[in-house]
Structure formats: C-alpha cells, structure tokens
Amino acid sequence: MIGVPKKVTLKISAAAAPYVRSDTPKTDKLRAARAEVSLAPNDLMALLFYLSHDQDADIKVAALKSLRELSEPLLMTIVDLPDINSRLLDVIARLHFPRQAVAEKVALHPNCDDGTRRFLAEKGILCFDAMAESASQDKFDLDAANEDDKQAETAEDAEVAEEEEAFKSKYQLSQQLGVADKIKMALTGDKEWRSILLKDSNKLVSGSVVKNPRITEGEILTISKSNVQNDEIMRVICANKEWVKNYQIRKALVENHKTPLPVALRFMASLTEKDLAFLAKSKNVSSVISTQSRRILMNKSKK
C-alpha cells in the first residue's frame, strides 16, 4: 500500500545542480544516476536520492541501484558528516542495515530520527532505548541545510515527493504486484505508473496502459515512436480515431515497424510530400513503405 506523499526539501550544491535541471539531457542524468560523476560524498548522496525520484523510470532505477551499491567506506564518510540530512540517514539505514558498522553509526547520529532508530532496532541493530539515550534529540533543519557551504549562493532547492514506506519506489512496488494488480494499476495509475508498466513483460499488463483513460496524446506519440514489444499496443493506438487525427502520431505509426502494414499504408495517404520524400530515402522503414512513398510521389508529380 502506498503512503501519503510528503515533501522533503534538499539543498543541491552548485556542483550537483546541473544534473537535476529539467532541461538536462537524459544521457547526463543517467551518468549521474550511475554515480559516474565526480562529486563530494555528501553531494553524490543527495543527488542520487533526488534522481531516485525522477519521473524517468530508467534514471530512477539507475539511481536506486547506485544507492544500493555505495561502498562501506563512502557510507561511513557520509554518515560522519555533522549536518547530514535526517532523511538521507534513513535511506542509508534502510538500504544498508546489514552493514553493522554503518547501521550503528546512523543510529547514534544526532540527526537520526526516532523512526529510523526503531527500524534499526527491529533489524536487531542495538536497542531503541539505548540508541535514544545516546543520540541527541536535536532535529536537523532541512531548509537551513548547507547554509555555510561556500557554494550555497548558487545552490538549488530540490523538492522530492516521496512515500513514507521503506523507501519503496513505484518501480520496486511494481515488482511485488501480481498480474491482476498490475493490470488495475496500468488502467488507473498516473504517468509514472504507465511508464513503468508499459515495459512489463506480460502483454496483458503493458497492453492495458494504452487503455488508461488518463493517458495523453503526448504519451501516445512517444509510444508510437518507440520499439514496443507488444503488437497489441500498436493495434489499439491505430484503432483509436481521436489519436490518429494527430498528424505526428500518424507519421510515427507509418515509420514504426510494429504498426500493421495495411494500416501504415493507409496512413501514408495523408502525409505531406516532404515526409513522403524522407520515407522514400529512409533505411529505417520497411522496403514496402519506402517503395510506396516513391510511388505516391511519382503519381503526384504526374498530376
């Protein structure tokens, strides 16, 4: 069950900021999500946490994988920081509690929340009462995080909507759902759920995504341009009269190898001469499509 989202405000340093902007290319975000960028330990941890909530499922999964694979020496360095965000401590605790030294250091950190300590106590890491006595009850002010940082003037605030349960992303939750629940989520879920379930190996699940009444034409255009493995998805798109009124969707369907050939040939009649000329020379479409494009252009020139 998904908890009610809450807001956590993190201060992203100037060094990490370029990787979280909305206009940052996906390739750059993926490099950051894979921890392939050079950043200070605290900056890297905050950046990975932020990217693990990205709208793009590929970036989210890569960032979560990197968080899980952080080395113990790096984790110890991060947890040693006096101003480490309490939420980041919680993430480290939940992902790395089997590492006794790391877990104990998290539990005894002044910024560690009682909820995190209870989680560690349940996992057998010390006892909650002892930890509560040893740790300061002073709470870390998230809005004032890193205010002494020399780069704070150029830093950006990054608001992350997260679930209260044990750091389970929607991708993780999807791995635990049965087929029936996945189909229900594909039919009713938000854009993020649709993006995740569209890639599901079960064709009943992925096919249900395009039957979701909340799906947008923009998403349909993206799907029409992609190499979907489920042929049923393309048939559903082709059969939707509202979607195929969109010229860009029709054009994408003509270019997609997964589109039923009779339908692709029918849509070609509505394409502009410029696009037909492109298809006639393209090596990325079937020979039938390129040949038909040339034929249509020849007929038009004769007229």
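This is a predicted model: local features need pLDDT of at least 70, side-chain atom pairs count only at pLDDT 80 or more; totals for chains, interfaces and linings use all residues.
Now, the big picture. The protein has 303 residues, and 44% of them are buried. There are 18 helices and two strands. If you take the contacts with a separation of 6 or more, 60% of them are between residues 24 or more positions apart. The protein exposes about 16,100 Å², and carbon and sulfur atoms supply 52% of that.

Back to salt bridges. How many does the structure hold? There are 17. One of them joins the side chains of D114 and R117, again at 3.2 Å from N to O. These two are three residues apart in helix α7, residues 114–122, so about one helical turn lies between them. D114 is partly exposed at 24%, while R117 is buried, at 0%.

Next, have a look at K182 and D200. They form a salt bridge with the closest N and O atoms 2.9 Å apart. K182 lies in helix α10 and D200 in the loop between α11 and α12, so the pair ties together parts that are 18 residues apart in sequence. K182 is buried at 13%, and D200 is buried at 17%. There's also a network of salt bridges linking K26, D56, D58 and K199.

On to a helix, α4, residues 72–79. Which residues are buried there? They are L75, I78 and V79. Looking down the axis of α4, the buried residues fall within an arc of 95°, so they line one face of the helix. What do they pack against? Helices α2, α5 and α6.

Last stop, T24, in the loop between β1 and α1. T24 has 12% relative accessibility, so it counts as buried. A polar atom of the T24 side chain lies 2.5 Å from the backbone oxygen of P18. Leaving aside residues up to four places away in sequence, T24 touches P18, Y19 and K29.

That's my tour, thanks!

Note on methods: Residues are numbered from 1 along each chain as its sequence is written. Side-chain values use heavy atoms; hydrogens and water are left out. Buried means under 20% relative accessible area, exposed over 50%, partly exposed in between (1.4 Å probe, protein chains only). Helices (H or I, at least four residues) and strands (E, at least two) are DSSP runs, numbered from the N terminus. The arc is that of the directions from the helix axis to the C-beta atoms. Contact means heavy atoms within 4.5 Å. A polar contact is a pair of N or O atoms within 3.5 Å; within protein, one must be able to donate a hydrogen and the other to accept it, and residues adjacent in sequence count only if both atoms are side-chain atoms. Accessible areas come from the Shrake-Rupley method with a 1.4 Å probe; for residues, only the protein chains shown count as cover. A salt bridge is a side-chain nitrogen of Lys or Arg within 4 Å of a carboxyl oxygen of Asp or Glu.
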